Amino acid sequence: MLLSACLRKKIPQQTMSLKRFMLRVEALKLYRNVLRQAQQLPDPTQRQDVQEWVRADFETHRHHQDEETIKRLIMQGKQQLEELEKTIKRSK
C-alpha cells in the first residue's frame, strides 16, 4: 500500500500527447538554436541582450496550452531566428 502511494506521487498526473510532446521538442530546439546564434554576435552587450530577451520571451509564452498558438509562436520564432542569422552574417 505504501509503495503504490509513493509511486503515484512520482507519476505525473497529466501525460502529454505525442503531438504536444513534438511541439515541446521543437520549441526547445528553437530555444537552443537562438541561444547558439546569439553566441555568434560580436558585441558582448548585444549578445547578453539577445539572450535575456530570448529567455524572457520563452518564459512569457510558457503557459500556452493551445497547439495552434504554440505552432504560431514557433513559426514566429523561426522567422526571428532567420533574421538574427542574417544580421550576424552582415556584421561579419
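## Q51 and helix α3

Helix α3 is where Q51 is found. In this predicted model, Q51 has a relative accessible area of 14%. Q51 therefore counts as buried, since the cut-off for that class is under 20%. Apart from neighbours within four places in sequence, the contacts of Q51 are with L35, A38 and Q39.

## Overall layout

The protein contains four helices and zero strands. Read from the N terminus, the order of elements is α-α-α-α. Of the contacts with a separation of 6 or more, 71% are between residues 24 or more positions apart.

The protein has 92 residues, and 18% of them count as buried. Its accessible surface is about 7700 Å². Carbon and sulfur atoms hold 55% of that surface.

## The nonpolar core

The largest nonpolar core has ten residues: L30, V34, L35, A38, L41, V50, V54, L81, L84 and I88. Three helices each supply at least two residues of this core, namely α2 (18-38), α3 (44-60) and α4 (67-91). The largest share comes from α2, with four residues.

V54 is one of the core residues. Leaving out residues up to four places away in sequence, V54 touches Y31, V34 and L35.

The relative accessible area of L18 is 64%. L18 is classed as exposed because this value is over 50%.

## Salt bridges

Side chains of opposite charge can pair when their charged atoms come close. The structure holds four salt bridges, among them the pairs described here.

R62 pairs with E59, and their closest N and O atoms are 3.4 Å apart. R62 is exposed, at 61% relative accessibility. In the salt bridge between K71 and E68, the closest N and O atoms are 3.6 Å apart. Both residues belong to helix α4 and lie three residues apart, about one turn of the helix. K71 is partly exposed, with a relative accessible area of 31%, whereas E68 is exposed at 52%.

E83 and K86 form another of the salt bridges, with an N to O distance of 3.9 Å. E83 and K86 are three residues apart in helix α4, so about one helical turn separates them. E83 is partly exposed at 43% relative accessibility, and K86 is partly exposed with a relative accessible area of 44%.

Definitions and conventions: Residues are numbered from 1 along each chain as its sequence is written. This is a predicted model: local features need pLDDT of at least 70, side-chain atom pairs count only at pLDDT 80 or more; totals for chains, interfaces and linings use all residues. Side-chain values use heavy atoms; hydrogens and water are left out. A nonpolar core is a set of buried Ala, Val, Leu, Ile, Met, Phe, Trp, Tyr and Cys residues joined through side-chain atoms within 4.5 Å. Buried means under 20% relative accessible area, exposed over 50%, partly exposed in between (1.4 Å probe, protein chains only). Contact means heavy atoms within 4.5 Å. A salt bridge is a side-chain nitrogen of Lys or Arg within 4 Å of a carboxyl oxygen of Asp or Glu. Accessible areas come from the Shrake-Rupley method with a 1.4 Å probe; for residues, only the protein chains shown count as cover.
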